[in-house]
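Biologist: I would like to learn how to read pockets, sheets and salt bridges in a model. Could you take me through them?

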Amino acid sequence: VAEFFDEDIIPDPSGSHLVDYGFGEAVAIRDDVAFIGVPRARDNGHVIVLNLTATGWKQVQRLTAPSSSAESDFGRVLTFRAGILVVGGGNAAYVFKRGSNGLFRYTQTLTPPAADGVGGFPIALRYEGGTLLASGFRSTAPSVVYVFERNSAGVFVRRAKVQASDGTAGDSFGASISMTNRLFVVG
């Protein structure tokens, strides 16, 4: 068991206590790897990667958006499974793959089609068995959930768009998502 605070992981160069930058706003853990999202940090957000070692948790990596000047809120939402980490920012989802050295490498950016009028993406993320769900908020139409599948080359391809049959503009469809390898449910 371990407890982390923003100043334990992200030292403030001035030596003073850090203010809240959204430390831990999103977290994920699986297979002795943990992720802590810090979406409102001065660098437009980042994700801290920790590995469980014999002596406790050790920070091994700090991930940022591949184009940090264009992204904000990086690390606002996370999902991790089978060596694939997907990190949500304000306008895109970023895919990272764990390499044989244990470190994560950026591989792909996912965005909704411009014609869909999505104003917030992703709101929620879930990944299971090669299928990724990512929800998008729309203020002028019912919100949506996109279904992506990994193809044989390991690239996510958008396969479907789902919305509530009774959806209304600005609804909260997709605010939460859960799934198994056969089914998914959208809140």
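The dialogue below goes through the pocket, a sheet and some salt bridges.

Modeller: First, the ground rules. This is a predicted model, where local features need pLDDT of at least 70, side-chain atom pairs count only at pLDDT 80 or more, and totals for chains, interfaces and linings use all residues. Residues are numbered from 1 along each chain as its sequence is written, and side-chain values use heavy atoms, with hydrogens and water left out.

Biologist: How much space lies in the largest pocket?

Modeller: Rolling a probe the size of a water molecule over the atoms shows where empty space is left. A pocket is an open set of points on a 1 Å grid over the protein atoms alone, where a 1.4 Å probe fits, with protein on both sides within 12 Å along at least five of seven lines. A volume is the space filled by probe spheres set on the points. Here the largest pocket holds about 310 Å³. It has 20 lining residues, and L78, T79, F80, L125 and R126 are the closest to its centre. Lining residues have an atom within 4 Å of a point.

Biologist: Which strand gives the most to that lining?

Modeller: Strands are DSSP runs of E, at least two residues, numbered from the N terminus. Strand 5 gives the most, with 5 residues.

Biologist: Where does strand 5 stand in its sheet?

Modeller: Two strands pair if DSSP finds at least two bridges between them. The open sheet has 4 strands in the order 5-6-7-8, paired antiparallel. Strand 5 and strand 8 (104-110) are at the edges with a single partner strand each, so one side of each has no neighbour in the sheet. Strand 5 is joined to strand 6 (residues 84-88) by 5 bridges. F80 has L85 in strand 6 as its bridge partner.

Biologist: How many salt bridges are there?

Modeller: Side chains of opposite charge can pair when their charged atoms come close. The rule asks for a side-chain nitrogen of Lys or Arg within 4 Å of a carboxyl oxygen of Asp or Glu. That gives 5 salt bridges. One of them joins R81 and E128, at 3.1 Å from N to O. R81 is in strand 5 and E128 in strand 9, so the pair ties together parts 47 residues apart in sequence.

Biologist: Is E128 buried or exposed?

Modeller: Buried means under 20% relative accessible area, exposed over 50%, partly exposed in between (1.4 Å probe, protein chains only). E128 is buried, at 18%.
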